[in-house]
Amino acid sequence: CHASSPRFWRSRRRLQPPRNIPTLAPGSVRVTVIGPDDAPVGGAQVVVVKQDVTNMNQRFEEVTGDDGVARVADLPVTSEGLYHVEVQHAGAPWRSSFFQLDDRMGVAVELRVYPVTRDLTRVRSAVQFGVEPMENDRARVAQLFQVMVDGDAAYWPTTPLKIEPPPDATGMVALDRADAILSHTDPEPFATVTSPIPPGEVVDLSIAYLLEHDGSAEIKWTSPFPVIDARAVVSDGLTLTRGAKGPPTRPPHEGEARNDFQIYELGAMPLGQPFDLVVDGLVTRPRLYQRLGLGLGLAVALACGLAFALRPRASLQARLIRRRDALLKKLEAAAPDARPALIDALDQIFCQLDALGSGQRHADPGAAWSDKPPEKQA
């Protein structure tokens, strides 16, 4: 069998994930880069990237030798942050999974690289739309999307490949089942494929999102690849009224296990043609309660606004007089050492009242105004 044939490549050895090796020095990473036929790739630029919790990256570069191995030493060994390896090959970025360094041993990383293609006819995909009702007139759609590349080259487009939900969707997330090459950063309304899609492997690019509905939800989505198989799975009580190729079926089960879903076959879809699905039977909030709630909220807001605008406001003079009377009461009962501060405050208030034309500045505040006995006061 010829070495370049896909059949031969399918027999290639399985790569190990990043792993600790006792024979490697702490703070070191040994990177082995091989091609599709397990042959070493020499002269490849290798970068070990340290990413901390603040997303600040440190990069440590090395080049592979004829044996396809690069050794990067003297890396910081900390419990904060993660490492991964990047290799540029055939104009495309290749990445390892994340790993941490151990203070007792080093890490061995293996990466396989391929030639790349931009031929979409080599890419096949399958999609499943799972629809279930949510609260507040929304439906959750789990879009399970798998891709496979035929031939002996990985698929890597000239522009970043984005996996996007329908235009009117909100709350998009990448599902946990998706492969690591699918990257999503909140609150971006799309996920990005960060590495080439290797040939002969099924790659998962699944996402989920929310759709607003009025009892009927519409899903309009266009795949970036030709779709050879598609289906929709809806929970009991829902019906796919547009886009299905036939009546629904129940998923297979054993014994008395209950099935709460129906499956609709959607068939194949050529590149560029969108899926146009309509799901009916979604429960909505009663419109009467919505209108009552909106009306009550507006009424409360209006009442609060009027109360704030029309509330009686005491004049400055009235506020000063109330403050004066309160201080006079405190002065009569105050200890001798507390009276000077109260007298100073009263003096300021009387000055302000004089400026407002409120009467005498030197009104007798009573016996408490002075420390002298009442009979000796002028």
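Arg-231 is partly exposed, with a relative accessible area of 27% (buried means under 20%, exposed over 50% and partly exposed in between, for a 1.4 Å probe and protein chains only). Arg-231 forms a salt bridge with Glu-265, the closest N and O atoms being 3.6 Å apart; a salt bridge is a side-chain nitrogen of Lys or Arg within 4 Å of a carboxyl oxygen of Asp or Glu. The pair links distant parts of the chain, with Glu-265 in strand β22 and Arg-231 in strand β20, 34 residues apart. Strands (E, at least two residues) are DSSP runs numbered from the N terminus. Salt bridges that share partners also join Glu-218, Lys-220, Arg-242 and Asp-276 into one network.

The model is predicted: local features need pLDDT of at least 70, side-chain atom pairs count only at pLDDT 80 or more, and totals for chains, interfaces and linings use all residues. Residues are numbered from 1 along each chain as its sequence is written, and side-chain values use heavy atoms, with hydrogens and water left out.

By the salt-bridge rule, the count comes to 15. One of these joins the side chains of Arg-59 and Glu-86 at 3.6 Å, N to O. Arg-59 lies in strand β4 and Glu-86 in strand β6, 27 residues apart. Arg-59 is partly exposed, at 47% relative accessible area, whereas Glu-86 is buried, at 17%.

Strands β4 and β6 belong to an open sheet of 4 strands in the order β4-β3-β6-β7, with antiparallel pairing (two strands pair if DSSP finds at least two bridges between them). Because β4 and β7 each have a single partner strand, one side of each is left without a neighbour in the sheet. Strands β3 and β6 pair over 7 bridges, and Val-85 in β6 is the bridge partner of Val-48.
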